[in-house]
Amino acid sequence: MHSRQLMSELLFECYHIPKVSYGVDSLYSFYHNNKPPSTGLIISSGYHCSHILPVLNGRLDAHNSKRINLGGCQATSYMQRLLQLKYPGHLPAITLSRMEEILHEQCYIAGDYTEELNLWKCPYFYEKNVHRMQLPFNNKLLASTLTAEEKLERRQQQIRRLQELNARRREEKLQLDQERLERLLSIQELLDEGMTEQFKRALLEMNMDSAEELQSYINKLSLIVEQTKQKILQAEVNVEVDVVDTKPDRIGQFNLAEYHQLHLGSERIRVPEIIFQPSLIGEDQAGIAETLQYILDRYSKEEQNELVHNVFLTGGNVMYPGMKTRMERELLALRPFKSSFQVTVSSNPVLDAWFGARDWAIEHKDQTEGWITLAEYEEKGGEYLSEHTASNIHVPMSIAKPT
């Protein structure tokens, strides 16, 4: 109401227009695609929020309309957060405008979210359906200022560090295996010396059942210790590495273009899913399907049947592929057995609101209903609303006079 008051003040007092009309964008879109008077259930999802609006006999039932504070803005932010966590090296390139482009061109609504998410775990499905988005990069950044001798020296240093690290790990593993082997051999000596009770207690501590199992562990561990010793001796012999015979420098073979790519896998369905499951982003709200059921429960069975026979989708956030199929699947789960329903999508979800408003203005340009004139603005104030078929309801304000 405050925004309408400011807009009326601007239009009448600054631009001196003769009259103005206000309406609900999704209702304009609905009447542009349906001949009034129509009955239906409008599901409108835009950039900041989503609305479910029941229309009975051509009039909006505002008392049973509901709003969900989720739209394209939240989906864009969620996509940005997911990709920034996945690619921390490309934070400057993962911008909101680029995320909007990904949402419009790469994402889709899953018919069965859980089943589709399990499919993305399959490597074959992932490789077949993953979308790769190329980020801008500069080839000149790859050029190195190091000379051939400096590259060779750096290569040798890297090899030496890797050898030292591997040798240290082998020695630590050898020490642990030797300690365990000595422990097992000490238990076996208890059996050889006839200390049966102490031998059984020691076996229980090692989670073993018999002397045969103990002997098997000793044999395996002895073999592992010998193999580790051989590897350490072999590594000491081959400390000096002939770098000339190694493979060419991989820095020159590095594909910088592949590094600057975003791989879009399950994100393609996870982000649009928030309008059905707001809990995915921590929002304590009901999704579209739950809100739809809540609204339908407020009507009689006859009115419910009329509403679900014309479920109308509009708004830029319903343009995901698979949105209509998903809504039909949700309605199939919500409605009684063998009941019928129909879901339609606006011919142009983004612009049909404007087209509907244009058509209404042309059709009613010589009428008084729905228009606010300059005289009415001056008499009733900027909060005044003249109702019509595509408008909200007017709620008069009562301002208490100071005493």
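Predicted model: local features only at pLDDT ≥ 70, side-chain atom pairs only at ≥ 80, totals over all residues.

Started with C107: its sulfur sits 15 Å from the closest cysteine sulfur, the one in C73, so that is too far for a bond. For a disulfide I need the two sulfurs within 2.5 Å. I then ran the search over the whole structure and got zero disulfides.

While there, I looked up how accessible two of the cysteines are. C107 is buried, at a relative accessible area of 3%. C122 comes out partly exposed, with 34%.

Next, helix α8, residues 196–205. Which residues of α8 are buried? I get F199, A202 and L203. Looking down the axis of α8, I find these buried residues within an arc of 105 degrees, so they line one face of the helix. On the other side of α8 I have E197, L204 and E205, which are exposed. I also checked what comes after: α8 is followed by N207, and the phi of N207 is positive, near 60 degrees.

Last one, Q304. I find Q304 in helix α13, which covers residues 301–308. Is Q304 buried or exposed? Its relative accessibility is 12%, so I file Q304 as buried; the cut-off for that is under 20%. What does the side chain of Q304 reach? I get the backbone oxygen of Y299, at 3.1 Å. Leaving out residues up to four places away in sequence, I list L296, D297, Y299 and R335 as touched by Q304.

Note on methods
Residues numbered from 1 in each chain as written. Heavy atoms only, no water. Helix = DSSP H or I, 4+ residues; strand = E, 2+ residues; numbered from the N terminus. Buried < 20%, exposed > 50% of the residue type's maximum accessible area, 1.4 Å probe, protein only. Polar contact = N/O pair within 3.5 Å; in protein donor to acceptor, adjacent residues only side chain to side chain. Contact = heavy atoms within 4.5 Å. Arc of directions from axis to C-beta.
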